[in-house]
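Subject: Structure handover

Hello,

Here is the structure I promised you. Please open it first, then read my notes below.

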Amino acid sequence: MGAQGEVKHEELVIVGAGICGLATALAFHRKGIRCIVLERSESLRSSGVAIAIMPNGWRALHQLNVASILRQTASPILGRKDIWLDKNKQHDMPNIGGEARCLKRSDLIDTLYNALPPDVVKFGHQIISVKLDPQTSYPVVQLQDGSFIAAKVLIGCDGAKSTVADFLELKPTKLFALCSIRGLTNYPNGHPFAHESVRMRRNNVSVGRIPIDSKLVYWFVAHPWMQADSIDSVDTELIRQYTLNLVKGFPKEIIEMVKNSDLDSLCSTRLRYRAPWDLLLGSFRKGTVTVAGDAMHVMGPFLGQGGSAGLEDAIVLARSLAKKMSSTTTDPTIIVEALDHYVKERRMRIVRLSTETYITGLLITESTSLLVKFACIVLMAILFSRR
C-alpha cells in the first residue's frame with residue numbers, strides 16, 4: 001500500500017464497510033461527492049445472519065435507490081405476535097405501521113456495495129489511530145502498515161468497538177445481561193409459517209422467528225448472560241447444541257428449526273449498547289471527525305431499529321455535508337457547521353430510540369427487579385404511548 005510514513009490525501013474518508021459505512025458512501029455518491037471507504041478485512045464482510053429493516057429504514061433505502069432491488073430478496077412482514085408460553089397468553093399486532101422486511105445481511109451488504117463505483121472500498125486498510133493535524137486541523141489516520149491518510153472529513157462507521165469513537169472520547173459501550181444466538185434455517189420445500197414476526201417466551205428464554213422468504217427463516221434465542229456462558233463462538237456445532245438445550249419445552253417447530261439450522265450462519269454474542277444518557281451528553285464531533293451507525297449508537301435488537309437508524313444516519317449526513325461541500329471544502333469551519341447540523345438533527349432521534357430499546361431490554365431481563373420493571377412500564381407509557 002505504500003512506504004511506511006507515506007501520507008496520502010483524500011477529501012472524505014469513511015471507516016468501515018459494514019451496512020452503515022456502505023450506505024453512507026452510497027449516499028455521498030448519490031449527492032455527487034467522492035469518498036473512499038477503509039475496510040480492515042481483505043474482502044467484503046457479507047457474512048452474518050439477517051437484519052430487520054423497519055419503515056424508516058426502507059425510506060432511507062428508497063433514497064439510496066436500492067429499495068426495489070432488495071424487495072426482491074425478502075417478503076414483507078405483515079404483523080407481529082408475542083406469545084408467553086408459561087402464561088398461555090398471546091398478543092397479536094396485525095399491522096406494524098408500514099413496510100418492514102427481514103433481509104439477509106449478505107443481500108443488503110452486496111446490494112449497497114454493487115451500487116457504488118469501483119475502487120471506493122479499500123480492503124485491507126485497518127486504522128489504528130486518529131489525530132488532528134496541528135497545522136490544518138484536519139484528521140490524519142494511521143494504518144496498521146505504518147502509512148497515513150489525511151482527510152478533510154473522517155466518518156467512523158466502524159461498529160461498536162470504534163477506533164473513531166475512541167478518538168471522540170465517547171463513553172465505552174455497556175453490556176446487557178443478555179446473550180443472543182442467531183441463525184438461519186432453510187426449508188427446501190417451503191416453511192409453514194405466516195410472514196410475521198413471532199416472539200415466544202418461556203421462563204427466562206425468548207425465541208424470535210421471522211421468515212425472510214418462502215423457504216428461509218431467520219431466528220434468534222435470547223437468554224440471560226452468565227459467567228459460565230462463554231461458549232466458543234467459532235464452534236458452531238457447540239452453539240447449536242447449546243441452543244437446543246435452551247429451547248427445551250418450546251414447541252416442536254422451534255426445536256426442529258434450531259436442529260435444522262445452517263451451521264455456517266450460527267453466532268452467539270453478548271448484547272451491547274450505548275447508554276441513552278451518554279448519547280444525550282456525548283460529543284459526536286471533534287474537528288471534522290464524526291461517527292454514524294453502531295459507532296454512534298449501538299443498541300439492543302429489541303425494536304429492530306439498529307440497522308434502520310444507521311441507514312437514516314447515512315441520509316442525514318450526506319444531506320448535511322452536500323449543502324456545504326457543494327460550495328467549498330477548503331475551509332474546515334464550513335465542514336464543522338455541516339457536521340454540527342448532522343449531530344443536532346440525529347441526537348434526539350437516537351436518544352429516543354435508544355431509550356425505548358434500553359427500557360425494553362430491562363423489561364425482558366430476568367435479573368431486573370420488580371420495582372425497576374414497574375418504573376420501566378410507567379416510563380414506556382409516558383414517553384412512548386404516542387407515535
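This is a predicted model: local features need pLDDT of at least 70, side-chain atom pairs count only at pLDDT 80 or more; totals for chains, interfaces and linings use all residues.

Start with strands β11 and β14. They pair in the antiparallel sense over nine bridges. Strands here are DSSP runs of E with at least two residues, helices are runs of H or I with at least four, and both are numbered from the N terminus. Two strands pair if DSSP finds at least two bridges between them.

Residues are numbered from 1 along each chain as its sequence is written, and side-chain values use heavy atoms, with hydrogens and water left out.

Now the whole sheet. It is open, with seven strands in the order β5-β4-β12-β13-β14-β11-β15 and mixed pairing. β5 (89-93) and β15 (267-273) are at the edges with a single partner strand each, so one side of each has no neighbour in the sheet. From one strand to the next, the twist averages 20°. Angles run from 0 to 180 degrees between N-to-C directions, and axes are lines fitted to C-alpha atoms, for helices over the stretch in contact.

β11 (residues 174-186) also runs antiparallel to β15, joined by six bridges. There, Leu 175 stands opposite Arg 272. Helix α6 (residues 236-246) packs on the sheet and touches β11, β13 (205-211), β14 (216-224) and β15. Contact means heavy atoms within 4.5 Å. The direction of α6 makes about 70° with that of β14. Helix α7 (residues 252-259) packs on the sheet too, touching β11, β12 (197-202), β13 and β14. Its direction makes about 75° with that of β13.

Next, aromatic rings. The whole structure has eight aromatic pairs. Rings of Phe, Tyr and Trp (its six-membered ring) pair if their centres lie within 6.5 Å; planes under 30 degrees apart are stacked, over 60 edge-to-face, and the rest tilted. Phe 176 and Tyr 273 have ring centres 4.4 Å apart and planes at 40°, so this pair is tilted. Phe 176 is in β11 and Tyr 273 in β15, 97 residues apart.

Best wishes
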